Amino acid sequence: MLELQIGRFLGRLHANVQNDYFGRIRRRDAQDTEEESYSWQETFTVLLEALLWEAQSAGLDLPYEEIRSYLSRAISSFLFDDVDVPSLIWLTGSEEDVYIALPSSLLPPPSAAFSSSSSTVPTLTTAGGIAAILPNVTHAVWGDPLLETFFLPPAPSPVLKEAYTKSGGSDTLVFPRQRTKRMWYDLLLGLIVLRERDGFGASALEGEAGAQDEDRQRLIKWALDLIQNTITTLSTAPTY
């Protein structure tokens, strides 16, 4: 039920909330000197390179030369240039941003109202569902719908995917090169999570050491594993 609703939400969001240019969301009153980009490949490369440079400057141990060589291969194959229309992308959205409405009450079936038996099975008078979605717009961008974290493999589920496409979203994973593109989005996501939770600091370099909160430890380890596994897979990933 929830995956169905999330799929519908994302499908409508990507199909109906679109823009003329790619890039980060801009505030109307912001003094932003960033130039508008009409190429998703150019926009994504800038976003990724900024994170790689920040991680490298902080001393995070990653094979940067290899990553950049894989990225050059992807760019020369125009891997990211299949996106024509910039859609509003939540990017870091997850189940934690979705608030659930519980059923309003539990009542016995109507026939039980006149029964002397008290062992009736309650039924829901109001079905539970999504009460609100509170996205963190800090990371929102105008870009490729495949960038959504809800599409992080092995997602999306068949239910979410069907609801997404029936609500206006396009099938995002058709060809092998699109799966490779999703790997690059995994790398971007891992770097974002690591920066937000640790700032590419000492606890990231030491794995779980220095992390006091269990949830923070888990996310740092998850991000590091995602980054390392993605880099390994990208070495042989097809770009055709």
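Modeller: A nonpolar core is a set of buried Ala, Val, Leu, Ile, Met, Phe, Trp, Tyr and Cys residues joined through side-chain atoms within 4.5 Å. Keep in mind that this is a predicted model.

The largest nonpolar core has 53 residues. Among these, Leu48, Phe80, Trp184 and Leu191 touch the most other members. Helix 5 gives the most, with 10 residues.

Now look at Phe80. Setting aside neighbours within four places in sequence, Phe80 is in contact with Trp40, Gln41, Phe44, Leu71, Ala74, Lys181, Trp184 and Tyr185.

Next, the open space. The largest pocket holds about 740 Å³. Its lining counts 24 residues. Nearest its centre lie Thr92, Gly93, Ser94, Glu96 and Thr149. Helix 1 (2–16), helix 5 (176–198) and helix 7 (214–234) each supply at least two lining residues. Helix 5 has the largest share here, with five. By class, the pocket lining has 10 nonpolar, seven polar and seven charged residues.

The largest cavity has a volume of about 40 Å³. Phe151, Pro156, Lys161, Tyr164, Thr165, Ser170, Asp171 and Thr172 line it. Three of the cavity's lining residues are nonpolar, three are polar and two are charged.

How values were computed: Residues are numbered from 1 along each chain as its sequence is written. This is a predicted model: local features need pLDDT of at least 70, side-chain atom pairs count only at pLDDT 80 or more; totals for chains, interfaces and linings use all residues. Side-chain values use heavy atoms; hydrogens and water are left out. On a 1 Å grid over the protein atoms alone, a cavity is a set of points where a 1.4 Å probe fits but cannot get out, and a pocket is an open set with protein on both sides within 12 Å along at least five of seven lines; lining residues have an atom within 4 Å of a point. Grid points are joined across faces, edges and corners, and a volume is the space filled by probe spheres set on the points. Helices (H or I, at least four residues) and strands (E, at least two) are DSSP runs, numbered from the N terminus. Ala, Val, Leu, Ile, Met, Phe, Trp, Tyr, Cys and Pro count as nonpolar, Asp, Glu, Lys and Arg as charged, and the others, Gly among them, as polar. Buried means under 20% relative accessible area, exposed over 50%, partly exposed in between (1.4 Å probe, protein chains only). Contact means heavy atoms within 4.5 Å.
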